[in-house]
Amino acid sequence: MKMSKMYMPTLREVPAEAEIPSHQLLLRAGMMRKLVSGVYTYLPLGYKVIRKVEQICREEMDAAGSQEFLLSALQPKELWEASGRWENFGPEMWKVIDRNEREFCLGPTHEEYFTSVIKDEIKSYKQLPLNIYQIQTKYRDEKRPRFGLMRGREFIMKDAYSFDVDEEGLKKSYQVMWDAYDKIFTRLKLRYKVVQGDTGAMGGKVSHEFTAMSEVGEGLIAYCDHCDYAATDEKAEVVYRVEENSLEMLEMEKVHTPDVKTIEELNEFLSMEKSEFGKALVYMAAGKPVVAIIPGDRELNEVKLANYLGIGGHELELADESVIKDITGANKGFTGPVGLSKKARLLVDSRITKMKNIVVGGNETDYHLKNVNYGRDFNGEIVDDLLLVMEGDICPKCDASLKMDRGIEVGNIFQLGTKYSDSLGAKFLDENGKEKSFVMGSYGVGVTRSVAAIVEQYHDDNGIIWPLVVAPYHVIITIVNIKNEEQISLGEKLYNELTKQGYEVLLDDRNERVGVKFKDRDLIGIPIRVTVGKLAGENIVEYSLRSSDDKTEINADTVKDLVLDEFVKAGFK
Ligand code: ATP
Ligand code: MG
């Protein structure tokens with residue numbers, strides 16, 4: 001492509017709306033533009049990268065035996081009513097109506113739809129296992145669309161679904177997809193970790209997330225260096241040991257704690273450790289008040305709470321003052337488990353039941369209670385684990401201490417079981433002629449989010465540094481002075497030769513200052529660079545890589561060998 005003809009509106013200034021490097025650089029490099037919040041127009045350079053990521057997904061899915069479909073983004077309400085997700089999916093679902101008032105959604109995901117497609121057409125165990133996928137545009141009306149391609153309201157996903165005769169078959173299909181995802185993200189050159197994920201509203205018990213490591217990632221993961229344990233902060237099991245002590249239960253005591261509302265303030269006021277307090281939090285869960293009590297030195301994990309209550313995360317929110325007052329009789333900051341209104345469910349983290357003589361809110365403004373003990377002073381529903389993991393926690397697998405890191409969830413795999421096949425009546429006949437529900441898995445790769453993740457991992461102050469496999473073009477040839485015939489003719493000769501050999505090449509033949517050309521070439525991040533300048537008459541050009549500061553002057557005839565070397569190094573077949 002000759003750059004004099006190319007649609008490539010690069011920007012010198014960092015757009016004010018963009019906070020993280022990938023968002024800034026994809027806009028500045030003229031790869032995309034915003035239409036409205038969370039919705040983007042992909043420009044030619046950006047779309048080329050997206051298509052390369054799609055193609056890598058496609059190749060690895062095909063190699064894993066999956067078959068490509070393309071389903072509609074529009075899905076009728078009835079499908080989602082059958083699974084119960086029309087109600088439960090929450091406000092992220094983008095609902096639309098047609099001229100006859102029939103309701104649809106713009107698909108946020110396609111479990112129901114794919115299940116309905118194969119239902120009645122796949123009838124026998126002999127046709128299983130079946131694995132099918134698509135690469136398609138998804139719609140989710142995200143609460144906080146942000147960071148450009150990272151969290152859009154419209155985005156491209158590769159989604160796949162497996163159908164098996166039983167759980168054992170599902171486990172095999174799951175492993176096949178896990179391996180395919182390893183290949184995809186390795187080919188995309190992402191540094192990533194596979195971590196246990198929460199299954200939440202999706203259904204099923206087992207899920208893993210493929211997380212590209214990045215300090216701007218929205219996901220927090222806990223992992224162990226001594227064993228292979230790794231999980232999202234939502235999922236990570238918390239090992240919290242309460243010292244078994246032989247302390248006698250002391251007499252409960254009311255203490256005057258004027259204006260002491262937070263655990264920090266209490267810590268100072270009473271000069272006691274935070275771990276000697278019980279922290280009570282009041283939530284509205286699907287419209288009903290719930291109080292949860294956990295050790296004072298910990299944070300509550302809202303995903304674990306929502307899962308225990310069997311509700312979606314969007315149905316859970318911290319209660320406001322008026323609710324707190326109604327169920328405790330006190331202002332915020334003085335909630336405790338003793339003498340709560342029966343209107344609220346009281347959930348007790350199991351560790352609280354082992355702690356002796358704790359301090360809790362007194363359910364009376366400006367008062368706390370000391371020496372409170374579970375069983376004697378209050379009772380509630382004991383929940384095994386409501387705690388959010390912390391750096392330094394004990395690894396649930398090997399007892400070493402956990403580390404925390406940030407990452408971007410680029411892929412997610414789920415063992416779903418029969419949630420969707422049961423609810424949609426998708427059955428097959430087994431070996432004995434008995435009807436059974438398909439045992440399903442579902443598997444997603446965020447295609448556009450992966451593009452953002454690659455930019456996060458591959459950039460510097462001057463722009464993007466695309467890995468060769470996903471670069472919009474492989475080589476950029478810069479003609480320093482387009483008034484110079486020798487430079488033009490050598491530049492065009494190299495351009496034609498390399499293009500003929502199948503490389504994707506840009507020729508910067510624009511009538512621009514060389515400084516502008518160099519800035520643009522850094523910004524758009526083309527991996528291999530050839531500069532045709534003063535020595536063109538002697539058939540000498542400058543050769544360099546975007547990823548390195550080294551520059552060498554070489555005979556123009558050797559360019560093709562060096563380019564080939566880069567392709568071999570990058571593992572192209
Ligand atoms: P998140 O926790 O980030 O909201 P999710 O668990 O909702 O992600 P899935 O439903 O598993 O995501 O979707 C599969 C993949 O699609 C994700 O792993 C992610 O890469 C991508 N994805 C999900 N939501 C978005 C979004 N709003 N914008 C871009 N990509 C997304
Ligand atoms: Mg989401």
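**Exercise 1. Find which element gives the most residues to the lining of the second largest pocket.**

Solution. Strand 14 gives the most, with six residues. Strands here are DSSP runs (E, at least two residues), and helices are runs of H or I with at least four, numbered from the N terminus. The model is predicted; local features need pLDDT of at least 70, side-chain atom pairs count only at pLDDT 80 or more, and totals for chains, interfaces and linings use all residues. Residues are numbered from 1 along each chain as its sequence is written, and side-chain values use heavy atoms, without hydrogens and water.

**Exercise 2. Describe the lining of the second largest pocket.**

Solution. Step one: 23 residues line the pocket, and Lys261, Lys279, Ala280, Leu281 and Gly333 lie nearest its centre. Step two: helix 7 (263-270), strand 14 (278-285) and strand 18 (358-361) are the elements that give two or more residues. Step three: the lining divides into 12 nonpolar, six polar and five charged residues. Nonpolar means Ala, Val, Leu, Ile, Met, Phe, Trp, Tyr, Cys and Pro; charged means Asp, Glu, Lys and Arg; the others, Gly among them, are polar. A pocket is an open set of points on a 1 Å grid over the protein atoms alone, where a 1.4 Å probe fits, with protein on both sides within 12 Å along at least five of seven lines; lining residues have an atom within 4 Å of a point.

**Exercise 3. State which residues of helix 2 and helix 11 meet.**

Solution. Val49, Ile50, Val53, Glu54 and Cys57 in helix 2 meet Val447, Thr448, Ser450, Val451 and Ile454 in helix 11 (contact: heavy atoms within 4.5 Å). By class, this contact has seven nonpolar, two polar and one charged residues.

Technical notes
Chains are lettered from A and ligands numbered from 1 in the order in which they are written.
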